[in-house]
Amino acid sequence: MLESLFRPKSVAVIGASTKEFSIGNRVIRNLVDFEFKGPIYPINPKADEVRGIKAYKSIMDVPDGVDVVHMVIPAKFVPQAVEDCGIKKVKNIIINSGGFSEIGPEGEAIEKDFLARAKKYGIRIFGPNCQGVINSDPDIRAYCNFTFTKPDVGYISIVALSGGVAEVIHQGFSEMGIGTRIYASNGNACDVTIPEIIRYLGEDDGTRVIVTYVEGLRDPETFMTVAREVAAKKPVLAMKAVRTAEGAKAAASHTGGLAKEDLATDLIFKKAGILSFRDEGELIQAAAAFATQPIPKGNRVGVITNTGGPAVIATDVMVGAGLTLPPLSEKTEAFLKENLYPEASVNNPVDVLATGNAAHYRACMDAMMADENYDCLYINFVTPFFVDTDSIAKEIVAVNQQRIKPIVCNLMTDRRQWTETVKILQDGGVPCFSLPGVAARALSAMVRYNEVRSKKTGEVKAFADVDKDGAAAVMQQAIAAGRKMLAADDVYGILDAYKIPTAGWAVVNTPEEAENAAADIGFPVVVKANSESVIHKSDMGGVAVNLADAAAVRDAVTRMQAKFSAGDLKFLVQKFTPGGTEVIMGAKAEEGLGHLVMFGMGGIYVEVLKDVVFNLTPLTTVEVEDMLSEIRLAPLLEGIRGQKGADRAGLQEVLLRLSQLLADLPQIQELDLNPTLAFEDSTCVVDARISL
Ligand code: ADP
Ligand code: MG
């Protein structure tokens, strides 16, 4: 679908300008300088030519068909220009101009207007308020963009709404001497969307790695579907900004990006198998490694160095990221003892010494590539005056081109003096970094990616023993009654319908009813005030625990009747079940995505430590397992120091059933099971709340 946008055969510029310092001039210059393979048609009613190229008074006068039109004209002229393009059968329009939805209602109206016209003619709109696209494919060479980074041919494609960040990423690669393939920055993205572009890049054979930056997802569901599909084919590396309220404000003020502080995007990345980053530098450096290297099959790294300290730094970073440095196999050790200087350190890291030469490096690389103890190689290469560094570089390239295991190289040099050495490595596709920690993080990202991709996803369980219709009927009644918060009997009724274990319960109105209910449930019991106005029950004196007999129950109810005057006041009588570990489970609706589910330690821990983790519905068997082990206090659930652990299987089942409940009852806005008590071999919810 987007073929003619990313691989245009001809480009016209409406708003082509004869003024050197203008976008309408720069776009043409960029196309010319980048040696665009097709004709360029400047459109300008007053000039005969722009930058020496014949200009046309109107798009209608262009002799041939036009795949891409740039519009660099004031917003108010855009709708009519789109209309003209429609008659001319133009396929795509890149609207560089601003003044649309990003400035408010007035601009939004113009955006709607031109979009309707474009739809009428089947024209695709890229932007508005955007930079445009670049395709470095030698057959195309389309620089439909007004920025300045001129990419070498490469395998990395970049997509982002934000032109500034797309440019930052582009420059990052350029500075490292790494080429890129397709570049797409679509500003307001009123028509062509990011997921659509990602799907196209997934199909583009020249793209090996996709790098994207998002400030919040407009259509999370589509993003998730597309990302899953594409990430199965090639690495997708993503960064999300907006982690603070201040970041959200900054984002809202510069694009129509609809950014908000969110957790969901990271979870979407995770569910889709996208590798996510928190730092743009790390993203760029990792992509550089992905572009040329095979994916490691495991986390075991062999380190080769000709300098001590930097290998230590790299080792710390890699081990911190979960990589291991296994010792050399006997065979490797024997081989290296024979082939390196006697003073060399034959271990992992192996230190060939500063005087180590090309043959030494080669021996190490060959041995570690063949050694089954290693999945990837980290190389430190400092360029001393007293060795032939070009030859070392050539050996690294030769081994790199065998593509047996991934390599990263921390190249410590003066790039102005060792130009040849640098060039050999660069042309040879060796990802070179200028700091040991940076190279180590790039390699760690590749290992992390392998883990993400090879991780089992688990399955979404569909429990057949639930009473979906019963629960839905309860919900409907509550909605019809205009309730914001469900009453206790409704809440516990819904949990019972989904076989989520609760402490034995009854809802009553009077002290007498409470006594009878308690006798049925069996002492000891708990009595809780139930009213829409009593939110934090225990803080307000609305919870009486460990009531041993009828008199205690009567007394508790009578006291609460005196305390709370609410018209809807009822009482929950509940089995008292002391001694379990308190955990919290919760859920919150996420627009367009289902629900965000939370799990963590309950009681005081949730407030003090915020020891909670999140995931998105539908939860899978593997995800609920992970949720239990990802919290910091996970050892408490596993059992430590002779203490028995908690009913992990039971907790996981509650999370899975909760996920099903949330999928079936999307009207639930928020849900809290706080606490859920985890015993050695059973689980039981003792406080639950559902709001609509
Ligand atoms: P709220 O959260 O509104 O203050 P809860 O119903 O959670 O009220 O009760 C407060 C605390 O009392 C719980 O966190 C738990 O420690 C304890 N508790 C409540 N119900 C029970 C019960 N049935 N068995 C054992 N402990 C309970
Ligand atoms: Mg509670």
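Predicted model: local features only at pLDDT ≥ 70, side-chain atom pairs only at ≥ 80, totals over all residues.
Colleague: What volume does the second largest pocket have, then?

Modeller: The second largest pocket has a volume of about 990 Å³, a volume being the space filled by probe spheres set on grid points, which are joined across faces, edges and corners. It is lined by 37 residues, of which E582, N674, P675, D687 and R689 are the closest to its centre.

Colleague: Which element gives the most to that lining?

Modeller: Strand β27 (670-678) does, with six residues; strands here are DSSP runs of E, at least two residues long, and helices runs of H or I, at least four, numbered from the N terminus.

Colleague: Which residues coordinate the magnesium ion (ligand 2)?

Modeller: The magnesium ion is coordinated by N674 (O) and D687 (OD), at 2.2 Å; donors are N, O and S atoms within 2.8 Å of the metal (3.2 Å for Na, K and Ca), and sites may look incomplete because water is not among the atoms. N674 lies in β27 and D687 in the loop between β28 (683-685) and β29 (688-691), so the pair ties together parts that are 13 residues apart in sequence.

Colleague: Is D687 buried or exposed?

Modeller: D687 is buried, with a relative accessible area of 14%, whereas N674, at 27%, counts as partly exposed (buried is under 20%, exposed over 50%, partly exposed in between, with a 1.4 Å probe and protein chains only).

Colleague: Which residues touch the most other members of the largest nonpolar core?

Modeller: In soluble globular proteins, nonpolar side chains tend to be buried together. Here the largest such core (buried Ala, Val, Leu, Ile, Met, Phe, Trp, Tyr and Cys residues joined through side-chain atoms within 4.5 Å) has 54 residues, and F6, F126 and I197 touch the most other members. Helix α7 (residues 220-231) provides the largest share, six residues. Another core, of 49 residues, lies apart from this one, with Y143, V211, F277 and V301 among its members.

Terms used. Residues numbered from 1 in each chain as written. Chains lettered and ligands numbered in written order. Heavy atoms only, no water. 1 Å grid on protein atoms, 1.4 Å probe; cavity = no way out; pocket = protein on both sides within 12 Å on 5 of 7 lines; lining within 4 Å.
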